[in-house]
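Morning, everyone. I have one structure to show today, and I will keep it short. Please look at the screen.

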Amino acid sequence: MNDSVDKLVIFLAKRDGIDKLVKTFQYVSKLVNWHVEATNPDISKRFKQWEVAAGLSRKAFRTGRFLTGFNVLRRNPGSTLSLRLLAVFANAGEMVYFFFDHFLWLARIGTIDGNLARRMSFISAFGESVGYVFFIISDFIMLRKGVKAERVLRSSKEKAVEEEKKIKEIRVDRIMRLMAVAANVADLFIAIADIEPNPFCNHTVTLGISGLVSAWAGWYRNWPS
């Protein structure tokens with residue numbers, strides 16, 4: 001696989017791939033809407049509609065996504081007791097997020113009572129934020145382990161090909177985990193804006209930049225190597 005178009009096709013064939021593309025549309029349109037709202041109301045309205053449509057589309061794409069966390073806990077929750085406990089809390093929070101996001105989507109499109117949207121949004125965002133906190137903690141633990149493992153390998157007097165390969169694997173894993181931390185921190189700001197509205201988290205620029213950081217970190221992690 002050498003061609004960029006091949007990689008793009010594979011990327012967009014993944015549910016996470018298309019989600020990150022539409023998430024980019026969602027938050028770019030949010031920022032454009034904010035930027036031209038006062039000077040060009042007609043353009044602003046069009047980008048607002050694009051933002052809403054992209055957000056609803058992403059919720060549709062995530063149908064059944066809560067099963068992913070369940071499967072992780074069922075198959076490979078972690079190598080140690082502490083990591084397994086963190087995985088339980090992280091994936092449980094994510095499962096709550098994705099499960100109640102279904103009802104938020106149905107409320108937003110009018111299939112069920114629209115008055116339920118605010119409640120479903122709060123429950124979904126609360127589960128989401130809990131999940132992000134524990135995912136971030138888990139990633140920092142694994143990053144620390146990776147740094148220690150690399151130091152041990154580098155302290156070895158004999159630099160075998162196998163050791164160099166392990167060091168390279170540790171560095172690749174570190175980059176992926178840093179991308180995951182960046183995405184989770186950015187999404188945590190968005191979740192907090194739903195749970196506890198405040199001037200900083202709810203500012204359009206904060207939400208827009210956070211959404212794009214999360215989307216582009218996801219692009220990097222899901223892009224075929």
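A helix here means a DSSP run of H or I that is at least four residues long, and helices are numbered from the N terminus. By that numbering, Phe122 sits in helix H6, residues 117-155. Keep in mind that this is a predicted model.

Let us stay with Phe122. Is Phe122 buried, exposed or partly exposed? Its relative accessibility is 38%. Buried is under 20% and exposed is over 50%, so Phe122 counts as partly exposed. Which residues does Phe122 contact, once neighbours within four places in sequence are set aside? They are Asp194 and Ile195. Phe122 and Ile195 are 73 residues apart in sequence, yet their C-alpha atoms are 5.7 Å apart in space.

Next, the record. UniProt, in an unreviewed entry, gives the feature "transmembrane region" at residues 81-100 and 120-143. In the model, residues 81-100 are 100% helix and 0% strand, with 29 Å between the end C-alpha atoms. Residues 120-143 are also 100% helix and 0% strand, and there the end C-alpha atoms lie 34 Å apart.

Last, the core. Which residues make up the largest nonpolar core? There are six: Tyr27, Ile190, Ala193, Cys201, Leu207 and Leu212. Not counting residues up to four places away in sequence, Leu207 touches core members Tyr27, Ile190, Ala193 and Cys201. Leu207 also touches Lys30 and Asn202.

That is what I have.

Note on methods:
Residues are numbered from 1 along each chain as its sequence is written. This is a predicted model: local features need pLDDT of at least 70, side-chain atom pairs count only at pLDDT 80 or more; totals for chains, interfaces and linings use all residues. Side-chain values use heavy atoms; hydrogens and water are left out. A nonpolar core is a set of buried Ala, Val, Leu, Ile, Met, Phe, Trp, Tyr and Cys residues joined through side-chain atoms within 4.5 Å. Buried means under 20% relative accessible area, exposed over 50%, partly exposed in between (1.4 Å probe, protein chains only). Contact means heavy atoms within 4.5 Å. UniProt positions are given in the numbering used here, feature names are shortened, and annotations may be inferred rather than shown by experiment. Helices (H or I, at least four residues) and strands (E, at least two) are DSSP runs, numbered from the N terminus.
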